[in-house]
Amino acid sequence: MSEENKNLENEAEDTVDNLEETVNETAEEVSETSNEAFEEAKAKTEAVLDKAEDKFENIKAEAKETYEKAKAKATEFINEDAKEFMDDAKEKASKLAKEAGEKFDDFSEDAKETYEKAKEKASKFINEDAKEMLDDAKEKASKFADEAGDKLEDFAEDAKEVIEETTKKTKNFFQRLFGK
């Protein structure tokens with residue numbers, strides 16, 4: 001019967017070890033999943049920022065190209081047409097160039113502000129919301145590990161009680177059987 005008790009003790013220890021291993025693996029998986037979610041959110045945010053910056057640069061280049069074309073056409077018109085239209089054309093070309101420059105400056109400023117706002121919001125998400133999500137996940141994993149530890153202690157106590165009870169009953173049985 002001593003061997004039976006040892007088997008029960010070994011089974012209880014194996015069960016406790018398996019529960020501890022499961023708790024540790026679950027905590028690691030939760031932490032890993034949280035880290036992966038944070039990294040994925042960060043990568044997506046950075047991709048959005050990169051796209052916004054690329055679009056800003058493209059729009060800026062297109063605006064500059066349009067400005068240069070308008071300037072070139074105005075110059076061509078001035079150089080090819082008759083003298084009587086020269087003064088009028090110069091005035092219109094200057095006005096057009098000035099307006100295009102002002103529009104370009106306005107648009108550049110608006111695009112820059114939009115880019116800065118997007119960058120600020122993305123940074124806020126990365127620094128606050130994503131961090132908060134990670135902290136929540138860590139807290140839940142810790143809570144789960146604590147609860148599992150408590151249940152593990154309860155299980156170990158129950159197993160100890162069952163082993164002690166089994167030992168007593170076995171001892172009583174043999175005492176009654178052999179009359180001692």
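The questions and answers below go through a predicted model of one protein chain.

Residues are numbered from 1 along each chain as its sequence is written. In this predicted model, local features need pLDDT of at least 70, side-chain atom pairs count only at pLDDT 80 or more, totals for chains, interfaces and linings use all residues, and side-chain values use heavy atoms, with hydrogens and water left out.

Student: How many helices and strands does the protein chain have?
Tutor: Helices (H or I, at least four residues) and strands (E, at least two) are DSSP runs, numbered from the N terminus. Helix 1 covers residues 2-80. Helix 2 covers residues 86-178. The count is 2 helices and 0 strands.

Student: What share of the contacts with a separation of 6 or more comes from residues 24 or more positions apart?
Tutor: Contact means heavy atoms within 4.5 Å. Two C-alpha pairs illustrate separation along the chain. Lys160 and Glu9 are 151 residues apart in sequence, with C-alpha atoms 8.1 Å from each other. For Leu49 and Glu116, 67 residues apart, the C-alpha separation is 9.6 Å. For residues 24 or more positions apart, the share of contacts with a separation of 6 or more is 89%.

Student: Is Leu49 buried or exposed?
Tutor: Leu49 sits in helix 1. Buried means under 20% relative accessible area, exposed over 50%, and partly exposed in between (1.4 Å probe, protein chains only). Leu49 has 17% relative accessibility, so the class is buried.

Student: How many salt bridges does a search of the whole structure find?
Tutor: Side chains of opposite charge can pair when their charged atoms come close. A salt bridge is a side-chain nitrogen of Lys or Arg within 4 Å of a carboxyl oxygen of Asp or Glu. One of them joins Glu40 and Lys44, at 3.2 Å from N to O. The search finds 3.

Student: Which residue forms a salt bridge with Glu65?
Tutor: Glu65 is partly exposed, because its relative accessibility is 43%. The closest N and O atoms are 3.3 Å apart, and the partner is Lys69.

Student: What is the N to O distance between Glu165 and Lys169?
Tutor: Both residues belong to helix 2, 4 residues apart, about one turn. Glu165 is partly exposed at 45%. Lys169 is exposed at 53%. Their side chains meet in a salt bridge at 3.1 Å.

Student: Why does Glu36 count as partly exposed?
Tutor: Glu36 lies in helix 1. Glu36 belongs to a patch of negative charge on the surface, with Glu9, Asp14 and Asp17 among the other members. Patches take residues with over 30% relative accessible area and no salt bridge; like charges are joined within 9 Å, nonpolar side chains (Val, Leu, Ile, Met, Phe, Trp, Tyr) within 5 Å. Glu36 is partly exposed because its relative accessible area is 47%.

Student: What accessible area do Phe173, Phe174, Leu177 and Phe178 have together?
Tutor: One of the four, Leu177, has its place in helix 2. The four residues form a nonpolar patch on the surface. Their accessible area together is about 430 Å².

Terms used. Accessible areas come from the Shrake-Rupley method with a 1.4 Å probe; for residues, only the protein chains shown count as cover. Lys and Arg count as positive and Asp and Glu as negative; His and the chain ends are not counted. The place of a charge is taken as NZ of Lys, CZ of Arg, CG of Asp or CD of Glu.
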